[in-house]
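Please look through the sequence and the structure shown below, and then read the short report that follows.

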Number of protein chains: 2
Amino acid sequence: MSTVTTPANPAAEIADAMRALEARYGTPWSAPLPAWNDTLDTLLAHRSVRNYADRPLPEGTLETLIAAAQSASTSSNLQTWSVIAIENPERRARLAELAGGQSHVRAAPLFLVWLADLSRLEAAGARSGASVEGLHYMETLVVGMIDAALAAQNAVVALESLGMSAVYIGGIRNQPEQVAAELGLPPRVLPVFGLCVGYPDETRPADVKPRLPQEVVLHREQYDAPSQAAAIAQYDEVMGGFQTAQGLSAAGWTVRSLARWRSRESLHGRDRLRDALSALGFELR
Amino acid sequence: MSTVTTPANPAAEIADAMRALEARYGTPWSAPLPAWNDTLDTLLAHRSVRNYADRPLPEGTLETLIAAAQSASTSSNLQTWSVIAIENPERRARLAELAGGQSHVRAAPLFLVWLADLSRLEAAGARSGASVEGLHYMETLVVGMIDAALAAQNAVVALESLGMSAVYIGGIRNQPEQVAAELGLPPRVLPVFGLCVGYPDETRPADVKPRLPQEVVLHREQYDAPSQAAAIAQYDEVMGGFQTAQGLSAAGWTVRSLARWRSRESLHGRDRLRDALSALGFELR
């Protein structure tokens with residue numbers, strides 16, 4: 001079985017690629033292309049979708065997404081993550097409120113809460129009488145969060161390849177203790193983020209959002225700070241145009257992003273995360 | 001442009017899918033399949049590759065991977081990540097040592113270090129005189145790490161779809177301050193992990209590693225602790241068989257995993273991560 005596909009029509013593939021890349025940056029693409037395929041199409045076409053069609057997911061969807069998620073790398077094969085699939089409408093409604101009143105958590109047919117899960121191996125240690133001192137370090141929680149993120153992103157790619165859409169819900173960290181209680185989490189399990197899953201409402205399509213110019217995020221050999229300001233100013237123009245097209249005020253990227261970091265209050269309760277981690281049993285030595 | 005493909009030969013697609021799923025779990029697959037496609041093939045076929053062919057990457061590969069990475073979701077579009085592409089052999093050799101003497105960091109033609117980058121927006125705040133108090137909270141570093149992980153995983157899917165391979169290098173967190181100095185990182189930028197990229201050496205192929213049974217990581221509605229032990233015991237058998245086939249001792253999963261958490265020393269220096277974060281300018285309020 002080969003996972004590398006050869007395009008049936010290279011010229012059409014390249015035209016698709018250029019369209020996808022230019023939508024992603026809002027500017028012309030100038031680098032050469034090594035090749036193109038359906039998977040790159042899926043990746044480049046990503047958009048966060050908050051409007052879902054009233055259409056159930058096919059049988060076996062959840063299991064297929066989790067198989068994709070489990071295929072992602074995991075540090076030392078420790079698999080320090082879990083996921084809870086929530087379909088019950090009342091529970092989704094409660095989680096929507098806990099995440100800051102996000103109605104799409106209620107509206108999507110499937111809501112996944114991705115967990116950094118140190119409890120599973122801790123319990124295995126308890127069964128066999130093994131010391132699990134390493135569990136109590138900051139590093140171990142970092143591993144769990146990264147494991148969860150890699151797994152979730154594979155699930156997102158999988159579901160988008162199947163014509164479904166998703167949006168990550170960072171608001172699940174607004175009130176982690178209450179989310180943990182709702183989901184019956186044991187100690188040392190952190191809800192890292194949520195994910196709404198469903199078919200997109202094609203009558204209210206989402207657009208591809210342009211990202212920072214590649215030269216801003218990609219550095220060669222060493223970190224390059226000085227060249228970022230000019231490219232960010234250019235991106236503020238691109239985002240201003242995108243915001244105008246969306247019917248928003250053309251504030252650009254810098255102003256809007258800085259508003260998120262303005263103060264402790266602008267973190268919407270997530271300034272409490274360190275206390276919440278302590279309450280959930282993470283020592284973070 | 002549609003990113004949903006219809007299989008040319010559904011029976012062959014389903015046979016491919018079953019082979020891929022059974023390799024991923026080392027057990028028969030029993031759930032229904034909603035559909036299958038090349039992207040799911042790519043995701044399921046993932047393996048971490050440490051043996052690379054002596055073959056350069058095509059022109060434009062790096063830019064294509066970064067376009068895929070930037071297409072991943074990012075919290076509030078803040079894009080709190082960067083990546084450094086390292087091709088210089090001497091620098092790769094130094095980073096290989098800093099990561100615990102991992103020779104594949106030297107051997108792969110491209111090494112990417114993924115960064116949680118709070119410095120970019122901080123600098124933008126300094127240019128415009130804006131307060132960036134939110135930067136100093138634990139939550140903000142968590143956002144940066146998740147952003148970096150989602151981006152990196154998209155790059156991994158992209159490169160695997162192009163016939164290349166990769167392995168994540170968590171060892172980049174063994175000595176974060178030294179890595180930061182090597183890469184010229186400003187304060188409040190954390191090297192989250194590395195990634196070796198290259199064509200696999202087909203004479204030394206890597207195998208798909210079986211993962212925990214799906215029922216262990218996937219919970220319905222609420223966390224289910226009691227049912228995990230029996231399924232983990234079954235997985236210990238599967239992993240024992242896999243280890244034997246690899247010429248390793250058949251220790252299973254539980255024993256090997258617990259060895260990683262046995263003590264502070266078993267974290268290989270990463271027990272220092274909290275101190276390192278402080279040295280790198282993260283207050284973690």
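## Where two helices meet

In this predicted model, L21(A), R24(A) and Y25(A) of helix α1(A) are in contact, meaning heavy atoms within 4.5 Å, with I66(B), A67(B) and Q70(B) of helix α3(B). The residues of this contact divide into four nonpolar, one polar and one charged.

The axes of α1 (residues 10-25) of chain A and α3 (residues 61-70) of chain B come within 11 Å and cross at roughly 55°. That makes α1(A) oblique to α3(B), because angles under 35 degrees count as roughly parallel, over 145 as roughly antiparallel, 65 to 115 as roughly perpendicular and the rest as oblique. The crossing of the two helices is left-handed, which means that the near helix is turned anticlockwise from the far one by less than a right angle.

## An enclosed strand

Eight of the eight residues of strand β2 (residues 110-117) of chain B are buried (under 20% relative accessible area, with a 1.4 Å probe and protein chains only), so β2(B) is largely enclosed by the rest of the structure. In a regular strand the side chains alternate between the two faces of the sheet. Both faces of β2(B) are covered, with L110(B), L112(B), W114(B) and A116(B) buried on one side and F111(B), V113(B), L115(B) and D117(B) buried on the other.

## Its neighbours

Strand β1 (residues 81-86) of chain B runs antiparallel to β2(B) and is joined to it by six bridges, and A85(B) has L112(B) as its bridge partner. Strand β4 (residues 189-198) of chain B also pairs with β2(B) in the antiparallel sense, over eight bridges, where pairing requires at least two bridges found by DSSP; here F193(B) is the bridge partner of W114(B).

## Notes on the model

Residues are numbered from 1 along each chain as its sequence is written, and chains are lettered from A in the order in which they are written. Local features need pLDDT of at least 70 and side-chain atom pairs count only at pLDDT 80 or more, while totals for chains, interfaces and linings use all residues, and side-chain values use heavy atoms, with hydrogens and water left out.

Methods
Axes are lines fitted to C-alpha atoms, for helices over the stretch in contact, and angles run from 0 to 180 degrees between N-to-C directions. Helices (H or I, at least four residues) and strands (E, at least two) are DSSP runs, numbered from the N terminus. Ala, Val, Leu, Ile, Met, Phe, Trp, Tyr, Cys and Pro count as nonpolar, Asp, Glu, Lys and Arg as charged, and the others, Gly among them, as polar. Buried means under 20% relative accessible area, exposed over 50%, partly exposed in between (1.4 Å probe, protein chains only).
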